[in-house]
Amino acid sequence: PKMWEFTKQCFIKKHGAIEVNEIEVDDAVNIARLQIENSFICAIDSDLLGLEGTHYNWKKGLWITCTKEEEITKFWKDMITGTHNNTKGISGRGKKYVEKLFHNIKPEDYEVIVKEEFIKHFGKEVGLIEYNKNYTCLKILDSYEGIEFPKPIKSPDLYAETPGMVE
């Protein structure tokens, strides 16, 4: 974007923001959330809103609560359906197929079942490659070595120059 460098430097200098280039933004948001006590995600991204916890979708004005089981189920469903994040999934395997596949299966067993589905569909070598591609694209990190986030700023002066902003 046109004003990216200016905006980035403004946030770094004025608000203590950090630049993270080694990982995806989704990963950085989740890692920061997990490091900051009593925090939540404010986003419209379904991957972030699908993480365990209560988060806010600012576009819809909705609070969304997701359980750990829902987070796990969504992740493994997305692995098969390939609905977003440059993932192909398995052709012909949609939402209904996954519901039947996961019926009466514990979430901790989804990984084995999904890997088997990839191998069955693509063959062992290509199946494992496609499985790993999807996994890498979809898995949101909980930590990343060397990434440290600053403590949140709690100052009334932070929003003094921004009309309409309230802490």
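pLDDT is the predictor's confidence in each residue, from 0 to 100.

**Entry 1: confidence.** I am looking at a predicted model, so I checked that score before anything else. The protein chain averages a pLDDT of 88, and 89% of the residues score at least 70. Among the elements, I found the lowest mean pLDDT, 90, in helix α1 (residues 4-15); α6 has the highest, at 97.

**Entry 2: layout.** I looked up the elements next and found seven helices and two strands in the protein chain. Along the sequence they follow the pattern α-α-α-β-β-α-α-α-α.

**Entry 3: the whole chain.** Of the 167 residues, 29% are buried. I noted an accessible surface of about 11,800 Å² for the protein chain, with 55% of that surface belonging to carbon and sulfur atoms. I also looked at contacts with a separation of 6 or more: residues 24 or more positions apart account for 45% of them.

**Entry 4: a closer look at α4.** Does the span of this helix agree or disagree with its number of residues? Helix α4 covers residues 68-81, which is 14 residues, so at 1.5 Å a residue it should span 20 Å. Its end C-alpha atoms are 20 Å apart, and that agrees.

Which residues of α4 are buried? I listed E71, F75, W76, D78, M79, I80 and T81.

Last, I checked what follows α4: G82 comes next, and its phi is positive, near 60°.

Technical notes
Residues numbered from 1 in each chain as written. Predicted model: local features only at pLDDT ≥ 70, side-chain atom pairs only at ≥ 80, totals over all residues. Heavy atoms only, no water. Helix = DSSP H or I, 4+ residues; strand = E, 2+ residues; numbered from the N terminus. Expected span 1.5 Å × (residues − 1). Buried < 20%, exposed > 50% of the residue type's maximum accessible area, 1.4 Å probe, protein only. Contact = heavy atoms within 4.5 Å. Areas by Shrake-Rupley, 256 points an atom, 1.4 Å probe, with all protein chains shown as cover.
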